[in-house]
Amino acid sequence: MSKYLLDKFLYTVDRDPELVERYREDPAGTVDWWEREKANEILNCAVAEKSTWLAFTDAERKALREHDHLALFGLGAHPFLTLTLFIAMFERDHGPLEYQKAYGRALQQQYALPYPDIAT
C-alpha cells in the first residue's frame, strides 16, 4: 500500500481541470492510464525523470475506480485531497455545501476516533 501514490493521484488529478472531468466520466480508464503513464513521474522535476516501482494495490485501484472516498480514507489517503477533488467532480450535482456535509456524515458514520493514519 502506498499512501503517497494515492495522495499523488488525488493531488495531480485535482490540479488539472481536464483530468478532473476525465476522472468523473471514466474513472476506471483514468486510473489505469494515470497508473501506467503518470504514477512514476517525479513531480516538479526539471528533467523528465521517472521511477519504475510505484503501482496501486488492488484495493487502492478499486477505491479510485469506484470514487469510494470512505475506502480511500480507510487506506490512508489524505481526506483534504480526496474532498477537494470530489468537490470539483460532484458538487455541481448537489446544492450548496450539500456534498461536503454528506461526505462528512459518511466519514463520521464509518470511522470513529482515532482516524486512520494519513502520514506518508
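A nonpolar core is a set of buried Ala, Val, Leu, Ile, Met, Phe, Trp, Tyr and Cys residues joined through side-chain atoms within 4.5 Å. The views below come from a predicted model.

**View 1. The largest nonpolar core of the predicted model has 28 residues.** Phe-9, Tyr-23, Trp-34, Phe-56, Leu-64, Leu-85 and Phe-86 are the members with the most contacts inside this core. At least two core residues come from each of these helices: H1 (3–14), H2, H3 (27–37), H4 (58–65), H5 (69–74), H6 and H7. In soluble globular proteins, nonpolar side chains tend to be buried together.

**View 2. Trp-34 and the residues it touches.** Leaving aside residues up to four places away in sequence, Trp-34 is in contact with Leu-5, Lys-8, Phe-9, Thr-12, Val-13, Ala-39 and Phe-56. Two of these neighbours, Phe-9 and Phe-56, are listed with Trp-34 among the residues with the most contacts inside the core.

**View 3. Helix H1 packs against helix H2.** The angle between H1 and H2 is about 115 degrees, and their axes lie 7 Å apart. On the H1 side, the contact is made by Phe-9, Thr-12, Val-13 and Asp-14; on the H2 side, by Leu-19, Val-20 and Tyr-23. Of the residues in this contact, five are nonpolar, one is polar and one is charged.

**View 4. A salt bridge joins Asp-14 and Arg-15.** The closest N and O atoms of this pair are 3.5 Å apart. This counts as a salt bridge because the cut-off is 4 Å between a side-chain nitrogen of Lys or Arg and a carboxyl oxygen of Asp or Glu. Arg-15 is partly exposed, at 45% relative accessible area. In the whole structure, a search finds 10 salt bridges.

**View 5. Arg-92 and Glu-21 form a salt bridge, with an N to O distance of 2.6 Å.** This pair links distant parts of the chain, 71 residues apart. Arg-92 sits in the loop between helix H6 (79–90) and helix H7 (98–110), whereas Glu-21 belongs to helix H2 (residues 17–25). Arg-92 has a relative accessible area of 43% and is partly exposed. Glu-21 is also partly exposed, at 32%.

**View 6. The side chains of Glu-66 and Lys-62 meet in a salt bridge.** Here the N to O distance is 3.1 Å. Glu-66 is partly exposed, with 46% relative accessible area, and Lys-62 is partly exposed as well, with 47%.

Technical notes: Residues numbered from 1 in each chain as written. Predicted model: local features only at pLDDT ≥ 70, side-chain atom pairs only at ≥ 80, totals over all residues. Heavy atoms only, no water. Buried < 20%, exposed > 50% of the residue type's maximum accessible area, 1.4 Å probe, protein only. Helix = DSSP H or I, 4+ residues; strand = E, 2+ residues; numbered from the N terminus. Contact = heavy atoms within 4.5 Å. Axes fitted to C-alpha atoms, helices over the stretch in contact; angles between N-to-C directions. Nonpolar A, V, L, I, M, F, W, Y, C, P; charged D, E, K, R; others polar.
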